[in-house]
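Please take a moment to look over the sequence and the model before reading on. The report below begins with one pair of elements and then turns to the chain as a whole.

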Amino acid sequence: MQRIRELSPELHDALGRALAVFQLGEAGEGRVAHEAARSDAPFLDAALVECIDLYVREEGRHARELLRVLRAMEVEPLRRTPAERLFRWTRRALGLRQKMLTIAVAEVVGVVFYGLVHERVACPDVAAVAKAIANDEAAHLDFQAALFAEILREASPAWRALACAAFFAVGAGAVATVAIDQRAFLRAVGCSPAELGRRCLHEVTSRWPLEDRGAVWASLTRQDALAA
Ligand SMILES: [Fe+2]
Ligand SMILES: [Fe+2]
């Protein structure tokens with residue numbers, strides 16, 4: 001990728017920081033695959049463990065593609081940010097199901113963020129990478145919806161309600177964190193916090209009810225759907 005010079009200084013700085021934060025997040029999910037491989041959770045079979053491994057590897061590819069964009073923008077990658085630390089600590093404190101739930105929330109935010117970059121950043125190289133990653137994240141979110149339909153299939157109504165409440169609580173926290181942490185980027189691309197929230201909610205409600213995702217689940221157990 002050639003050097004990216006066509007962005008305004010304001011957008012360059014805000015986008016560079018936002019992409020650096022997301023690049024860090026993409027690079028940090030490797031433990032989940034190891035944990036899934038060692039888990040004896042009843043909802044995990046060999047095909048699903050392999051899907052999770054491929055899923056995590058695809059996130060690693062996103063991290064590498066974003067690193068390429070950062071270099072083309074001449075932006076230094078980040079090592080650690082408060083938002084990334086919070087997300088990482090939250091995941092490590094949780095079991096596999098809850099960990100997948102926090103990753104599902106990250107997918108919602110990711111689909112919306114990369115979609116905004118694709119739609120509103122007038123730089124073909126950046127927009128093309130963002131569009132490709134947004135498409136992958138949408139498939140990941142379909143996978144998560146199917147996974148949670150499977151996990152919740154045998155759960156009692158009370159557990160289902162609790163899981164949904166937890167998802168929306170973590171989701172609201174994640175949207176608020178992005179609205180604050182990425183306010184410069186959101187302002188630069190003309191996205192208000194309310195629009196950010198609406199877009200995230202749409203990504204969830206368009207995959208609801210989870211029970212209807214059986215066909216997606218079947219297709220996403222194929223390696224080619226998530227191959228890195
Ligand atoms: Fe990703
Ligand atoms: Fe993803």
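At what angle do helix α7 and helix α9 pack, and how far apart are their axes? In this predicted model, helix α7, which covers residues 157-181, and helix α9, which covers residues 193-205, pack at an angle of about 145°, and their axes lie 10 Å apart. Two packed helices are described in just this way, by the angle between their axes and the distance between the axes. The crossing in which α7 passes α9 is right-handed.

## The residues at the contact

On the α7 side, the residues that take part are G171, V175, V178 and A179, and they meet P193, L196, G197 and C200 of α9.

## The protein as a whole

The protein contains 11 helices and 0 strands, so that its elements, read from the N terminus on, run α-α-α-α-α-α-α-α-α-α-α.

For a protein of 228 residues, a compact globule would have a radius of gyration near 17 Å, and because the protein has 17 Å, its value agrees with that expectation. The C-alpha trace spans about 55 × 35 × 30 Å along its principal axes.

## Burial and contacts

Of the 228 residues, 35% count as buried.

Conventions. Residues numbered from 1 in each chain as written. Chains lettered and ligands numbered in written order. Predicted model: local features only at pLDDT ≥ 70, side-chain atom pairs only at ≥ 80, totals over all residues. Helix = DSSP H or I, 4+ residues; strand = E, 2+ residues; numbered from the N terminus. Rg over C-alpha atoms; globule rule 2.2 N^0.38 Å. Buried ≥ 20, exposed ≤ 12 C-beta atoms within 10 Å, placed from the backbone. Axes fitted to C-alpha atoms, helices over the stretch in contact; angles between N-to-C directions. Left-handed = near helix turned anticlockwise from the far one by under 90°. Contact = placed C-beta atoms within 7 Å.
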